[in-house]
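I opened this model to look up its fold, its surface and a few contacts. My entries follow.

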Amino acid sequence: MRISTKGRYGLRAMVDIAAHCDGGQIPIKEVARRQDISDNYLEQIIFPLKKAGIVKSVRGSQGGYLLARPAREITVGDVLRVLEGDLAPVECLANGGEPSCERAQNCASLCVWKELKDAIDRVVDSLTIQDLVDRAEQNAELDFGNYI
């Protein structure tokens with residue numbers, strides 16, 4: 001399983017917004033510049049996060065984006081599932097984790113895929129955006145583009 005640039009950049013953008021918002025909105029151009037992502041691509045990444053209620057936008061000349069809820073309440077899994085879809089390592093476990101193929105009863109490798117899916121879910125659901133911000137700050141290098 002690979003996380004696409006959409007997932008990776010989306011996570012970087014979320015950490016950037018959380019680290020720099022100070023209670024206000026951040027212009028998308030600033031996030032894009034700091035993260036070395038094109039404005040247009042970042043807009044495409046932010047739109048589904050907004051639609052999912054993870055970020056909010058503020059219109060106008062002082063507009064931008066901010067987290068829709070505290071960074072401690074947004075998990076890495078929340079962000080990745082919006083941007084990547086189901087994180088199941090195989091198609092037959094997508095959409096809820098119950099095997100959906102006719103071979104499930106006799107599949108010798110199904111237990112491997114279930115354990116892998118459970119491990120992935122456990123990791124991404126146990127880490128929050130705030131955890132990533134805190135880890136970056138502990139590194140004493142606030143170069144978020146290179147941290148994630």
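I read the protein chain along its sequence and noted the pattern α-α-α-β-β-α-α-α-α. That is seven helices and two strands. Helices (H or I, at least four residues) and strands (E, at least two) are DSSP runs, numbered from the N terminus.

I noted the ground rules next. The model is predicted, so local features need pLDDT of at least 70 and side-chain atom pairs count only at pLDDT 80 or more, while totals for chains, interfaces and linings use all residues. Residues are numbered from 1 along each chain as its sequence is written, and side-chain values use heavy atoms, with hydrogens and water left out.

**Overall chain.** I boxed the C-alpha atoms along the principal axes and got roughly 60 × 30 × 25 Å. Of the 148 residues, 41% count as buried (under 20% relative accessible area; exposed is over 50%, partly exposed in between; 1.4 Å probe, protein chains only). I then took contacts (heavy atoms within 4.5 Å). Among those with a separation of 6 or more, 60% are between residues 24 or more positions apart.

I followed strand E1 (residues 55–58) into strand E2 (residues 64–67); they run antiparallel and four bridges join them. Two strands pair if DSSP finds at least two bridges between them. Val58 stands opposite Gly64 in E2. Five residues separate E1 and E2 in this hairpin, and Gly60 in the turn has a positive phi of about 110°.

**Aromatic pair.** I searched the whole structure and found one aromatic pair. Tyr9 and Tyr41 form it edge-to-face, with 5.8 Å centre to centre and 75° between the planes. The rule: rings of Phe, Tyr and Trp (its six-membered ring) pair if their centres lie within 6.5 Å, with planes under 30 degrees apart stacked, over 60 edge-to-face and the rest tilted. Tyr9 sits in helix H1 (residues 5–20) and Tyr41 in helix H3 (residues 39–51), so the pair ties together parts 32 residues apart in sequence. I checked cover as well: Tyr41 counts as partly exposed, at 26% relative accessibility.

**Thr128.** Where does Thr128 lie? I found Thr128 in the loop between helix H5 (110–126) and helix H6 (129–138). Is Thr128 buried or exposed? Thr128 is buried, with a relative accessible area of 11%. Leaving out residues up to four places away in sequence, I listed what Thr128 touches: Ala71, Arg72, Ile74, Thr75 and Val76.
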